[in-house]
Amino acid sequence: MSTVTVDIAPLAEASDPAPVFLTVEEAARCLRVGRTTCFALIRTGELESLTIGGLRRVPADAPAAYLARRRAEKRAA
């Protein structure tokens with residue numbers, strides 16, 4: 001099974017540690033989709049997210065996991 005990597009480097013400064021969570025907008029940029037599409041993926045449960053203090057956050061590894069699932073589904077079809 002291959003792994004998928006999503007480059008989140010442009011989202012943070014070079015000296016910042018790797019982010020644990022992304023905003024929905026940052027996750028949408030990683031997936032190269034719009035904000036509305038990203039919220040739709042979250043709403044259907046296809047893209048993992050959490051609510052932290054009233055803010056919706058996407059784990060940094062969730063976009064890559066979503067892509068890996070989609071690729072596996074495509075291969076299985």
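Does Arg-35 count as buried, partly exposed or exposed, and at what relative accessibility? In this predicted model, Arg-35 has a relative accessibility of 48% and therefore counts as partly exposed, since that class lies between the limits of 20% and 50%. Arg-35 forms a salt bridge with Glu-25, in which the closest N and O atoms are 2.7 Å apart. Glu-25 belongs to helix H1 and Arg-35 to helix H2, so the pair ties together parts that are 10 residues apart in sequence. Glu-25, at 36% relative accessibility, also counts as partly exposed. The structure holds one salt bridge.

Helix H2 spans residues 35–43, and its buried residues are Cys-38, Leu-41 and Ile-42. Viewed down the helix axis, these residues fall within an arc of 100° and so line one face of H2. Thr-36 and Arg-43 are exposed and sit on the face turned away from the buried side. The cover over the buried residues of H2 includes helix H1 (24–31), strand S3 (55–59) and helix H3 (62–76). Just after H2, Gly-45 adopts a positive phi of about 85°.

The largest nonpolar core comprises 14 residues, of which Cys-38, Ile-42, Leu-47 and Val-58 touch the most other members. H1, H2 and H3 are the elements that give two or more residues to this core, and H1 gives the most, with five residues. When neighbours within four places in sequence are left aside, the contacts of Val-58 include Val-20, Phe-21, Leu-22, Ala-27, Ile-42 and Leu-47. Glu-48, Ser-49 and Pro-63 are also in contact with Val-58.

Methods: Residues numbered from 1 in each chain as written. Predicted model: local features only at pLDDT ≥ 70, side-chain atom pairs only at ≥ 80, totals over all residues. Heavy atoms only, no water. Buried < 20%, exposed > 50% of the residue type's maximum accessible area, 1.4 Å probe, protein only. Helix = DSSP H or I, 4+ residues; strand = E, 2+ residues; numbered from the N terminus. Arc of directions from axis to C-beta. Contact = heavy atoms within 4.5 Å. Core = buried A, V, L, I, M, F, W, Y, C linked by side-chain atoms within 4.5 Å. Salt bridge = Lys/Arg side-chain N within 4 Å of Asp/Glu carboxyl O.
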